[in-house]
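Trainee: Could you walk me through how to read a model like this one? Let's have it up on the screen before we start.

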Amino acid sequence: MVSLLVLSVNFIFADSWPEPPEHDFYAHPLLEISKSKDNYAVGKVIKVIKTDKQSDILSVKITFGASRGQIAEAANYREGFLIDVRPGSRILISYKDNINKATVVDYDRTLSLALLAFLFLLFVLIIGGLNKLGGLFTLFAGIVIIIFVYVPLIIHGYSPLVISLFIVFFITSTIIFFIGKFSRKSVSAIVGTLLSIIFVLILGMIFYPLANINGFSLEPVQFLNYFSKNYSSQPFNNFQQLLFSVLIIGACGVIIDVAVCVASSMEQIVLKRSGISRKELIHYGMNVGRDISSVVSNTLVLAYFGAELVLIISLTVSIRSLTNLFNNEWFFIVVFQTVAGSIGFLLAVPFTAISSGYLMAKK
Amino acid sequence: MKNFILFLFIELLLCQYIFADVFSKAKVLKIGSSEIKKNVKIENVSLEIISGKHKNKIVDVKNYLWDEKNYNTQIKQNSVVVVAIAENECGEIENVFIRGYVRDKFLLLTVLIFFAVLCSVCGWKGARAFASIFLNIFLLVKVLIPLIKDGYSPLISCSAVALIGAIITIFLIFGFTKKSFVSLCGITAGILFAGITTLIFLKLSKISGIFLEGSRMIITMVRTSDSWKITDFASLIAGGTVIASLGAVIDVVVDVVSGMNSVSISNPDIKKSDLISSGLEIGRDVLGGMLGSLLFVFVSTSLVMIVVYTVLHVPFIRIINWEFFSIVVIQAFISSLAFVVSIPPTVYLMGFISKN
């Protein structure tokens, strides 16, 4: 049994599997949750009622959930992930039918995350000025749309590629309109951004099939395949398209940044010299873009490296030779996301410069 | 907990498997007979190894084709695959597994396309940018990862490496001037803010960091091998935030400094307070477009996991309290905050230095 498991896990970062991949080897907390329909509530610990061998029984005042304000009993089991509970600490509990037979599952982190969100808002508004409120709002609306519209739609079988293209188009347009109001500058920045995103997408659509990328070296993709087959009515199939949408969503932020910078500095020039010719204007825009994009070029590399630091360090264990590394699927995906995103914002410079030239200059 | 221990046990064994393997490319000479078992078709394939120390040897392997076709390597006559060769003590081939497709030439091609686009858009500045990217990657892979493995505090080593990377990038852009000095001060402020605030918020939300994808493997390595000494996962996550925010911080600081510099050149008699207020104005403009750039990177890295949660109908209140999700939120917000916070110190310092 164990040797079976070993072989399966051994090949997590390979394309070929010597043992059936359907094998139920995921010892992941997600599995326990998916098997039982639990209710959740957030509460504050009042006191420890009694202690026995396996667990502490706590008295908890529910602060969020179905029966708010009620005082319930919850057991904090000693096996498993230890949760350090003191009177006054905020915890997450789960229960089936009877809230008095609840179990402590995790700390409650909503308060500190809310504090962080508030700090973020505060700093951006103080340093960036009150007019950033609209931009922030559209940004969060965009993320909310991705999580609560895009994700349910693709689970119900719509094509991830088409939906993500629509949503990225929508998000970029609203964000740019909120930054620059409805003006020629905004329109040309949007044209530049969208053309670059389409280019990144085309690049992905050429290279992913060529290199046989379907994402199955990534643990989340394996989870998705496994759970959608076994715990959901509709199995998920479009893994390559899902990776395309990951690609363009990750790149769109930086592309917006460069396109907006180029378009607004070109608008400044038009305001100063109204008779500037189209050719001169485009030339100026390219010059500005050159400065911007040579600085921005590090951003994506560092952002992806930092975001995946723990994973990268852990993978130095299993990937020890260059042949293995350069042919590894996970490595290809990470490098491709960085490089294609960077190509995207570099191309945003000429695209935006040309579209601004045609929209802003008379001839 | 039982599951957790089981997993550690599995990975202990797994390490031994991994270290024994040699990776090479191999060409398919002939696909022979195949047998079909319950849910698998096993092809008997004869391969010629075309790279590495076992070059030119011919081996017979089995290629497993599962019903679940995503886990297979489809091969044809003359196609090239990557194989893992298990050796015995004498260095002879004991067993060969097909590991997957060959991807290195496509990877190289993407990087070449990037280089071509960089040079055609940015001209000779493109070569400079490429040099700075290359140096940064070298620093991260060859300096940062060994430092962290050797047990130096991850946050401190990440900040130090980030600073060295920033110094290189800034000198490539500005040369040895007072602009570089101001930029580096601003970048330091941003980096320190990112690292310290992440640590504070990880402590506040009681995040241990051991549930991240990858942490399990690191814990196993620390227990089995003397050369791995990573213990502080909170500090490792804070270090990740520092690295993730570095690029955007450099970006904003350079924009502000060069903007203020051109203001004071075109208008030499400008008062200090006017210069500072125009610097803050430039910072505001830059922020507008930047705010989303890192947030979307973090959304995209966690997107597949969000899909998994939604498939399983996990209630939102459970997801938001999950360590993994909280870490992504904390990293995304704080790395975006870092470049916001780096603006005021840069502007004031630039104001003081160029007017005194």
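Trainee: Does B:His313 count as buried or exposed?

Mentor: A quick word first: this is a predicted model, where local features need pLDDT of at least 70, side-chain atom pairs count only at pLDDT 80 or more, and totals for chains, interfaces and linings use all residues. Residues are numbered from 1 along each chain as its sequence is written, while chains are lettered from A and ligands numbered from 1 in the order in which they are written. Now, burial: a residue is buried if 20 or more other C-beta atoms lie within 10 Å of its own, exposed if 12 or fewer, and partly exposed in between, with C-beta atoms placed from the backbone. B:His313 counts as exposed because it has 11 C-beta neighbours inside 10 Å.

Trainee: Where is B:His313 found, and what is its phi?

Mentor: Helices (H or I, at least four residues) and strands (E, at least two) are DSSP runs, numbered from the N terminus. B:His313 is in the loop between α8 (272-311) and α9 (316-320) of chain B. Its phi is positive, about 55 degrees, although B:His313 is not a glycine.

Trainee: And what is phi of B:Asn78?

Mentor: Near 75 degrees, again a positive value in a residue other than glycine. B:Asn78 sits in the loop between β3 (58-66) and β4 (80-87) of chain B. B:Asn78 is exposed, because 9 other C-beta atoms lie within 10 Å.

Trainee: Over to chain A. Is A:Val254 buried or exposed?

Mentor: Buried, because it has 31 other C-beta atoms within 10 Å. A:Val254 belongs to helix α8 (residues 239-272) of chain A. Across chain A, 51% of the 363 residues count as buried.

Trainee: Which residues does A:Val254 touch?

Mentor: Contact here means that the C-beta atoms of two residues, placed from the backbone, lie within 7 Å. Leaving out residues up to four places away in sequence, A:Val254 touches A:Val296, A:Thr299, A:Leu300, A:Gly341, A:Phe345 and B:Ser293.
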